[in-house]
Amino acid sequence: MFDLGSQHLQTSIMESGQKQASHDKDGTDLELEAKVKRVTDKLSECIHIVANEPSLGLFRIQEHVRKTLPQLAQTKVELSQIQQKVQGSCYDVDYAINAMHSFEESRRPLSNMETMLKSAIITKKHMNDKVTDRWVILDPTPNLGVAPSGPEHRHTPTGKDAAK
């Protein structure tokens, strides 16, 4: 293509009758040939860049992916493990919150039980007081958990009960 273009250009210039400044042995213009060569080289380089630009871009993307993919995969695994730990912690917190609500709900029944126990203790004290007022133990030995047996360990009524 270069040769055809320079020959065509040379013949058209000679036909017009203009004189050439520098010629080589076969009559071609060296300056014109250098300019044409420079233009064709630049055009070829431009076409080469345009043709290879998508491949170069894809190569850069591939290179980037190849370098960062292992790190991204490791980060994904770590993130998955952290997510499982966080989810487990959330379940634990929910369970603790439900337990606290259960404690709050059990406050009233426990308060009722406390009141009933106090009432039972007071009633037991009143019953013990009435029993000790009514009966006097004849045997002064301490009671060690063995029930007395026989006629010598009988209780005799005192006070109001003795009059009856």
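**Terms and values in the predicted model**

Mentor: The chain has 4 helices and 2 strands, and from the N terminus on its elements run α-α-α-β-β-α. Helices (H or I, at least four residues) and strands (E, at least two) are DSSP runs, numbered from the N terminus. This is a predicted model, in which local features need pLDDT of at least 70 and side-chain atom pairs count only at pLDDT 80 or more, while totals for chains, interfaces and linings use all residues. Residues are numbered from 1 along each chain as its sequence is written, and side-chain values use heavy atoms, with hydrogens and water left out.

Trainee: What makes D41 and K37 a salt bridge?

Mentor: A salt bridge is a side-chain nitrogen of Lys or Arg within 4 Å of a carboxyl oxygen of Asp or Glu. The closest N and O atoms of D41 and K37 are 3.7 Å apart, so the pair meets that rule. The two residues are 4 residues apart in helix α2 and therefore separated by about one helical turn.

Trainee: Why is D41 called partly exposed?

Mentor: Buried means under 20% relative accessible area, exposed over 50%, and partly exposed in between (1.4 Å probe, protein chains only). D41 has a relative accessible area of 40%, so it counts as partly exposed. K37, at 46%, is therefore partly exposed as well.

Trainee: Which residue forms a salt bridge with R60?

Mentor: R60 pairs with E63, and their closest N and O atoms are 3.6 Å apart. Both lie in helix α2, 3 residues apart, about one turn of the helix. R60 is at 46% relative accessibility and so counts as partly exposed; E63, at 22%, is therefore also partly exposed.

Trainee: How many salt bridges are there by this rule, and which residue is the partner of E114?

Mentor: The count comes to 4 salt bridges. E114 forms one with K118, the closest N and O atoms being 3.7 Å apart. This pair lies in helix α3 (residues 107-134), 4 residues apart, about one turn of the helix. At 43% relative accessibility, E114 therefore counts as partly exposed.

Trainee: Why is I61 called exposed?

Mentor: I61 is at 52% relative accessibility, and therefore counts as exposed. Its place is in helix α2 (residues 30-105).

Trainee: Which residues make the nonpolar surface patch?

Mentor: L58, I61, V65, L69 and L72 make a patch of about 500 Å². Patches are made of residues with over 30% relative accessible area and no salt bridge: like charges are joined within 9 Å, nonpolar side chains (Val, Leu, Ile, Met, Phe, Trp, Tyr) within 5 Å.

Trainee: What percentage of the chain counts as buried?

Mentor: Of the 164 residues of the chain, 4% count as buried.

Note on methods: Accessible areas come from the Shrake-Rupley method with a 1.4 Å probe; for residues, only the protein chains shown count as cover.
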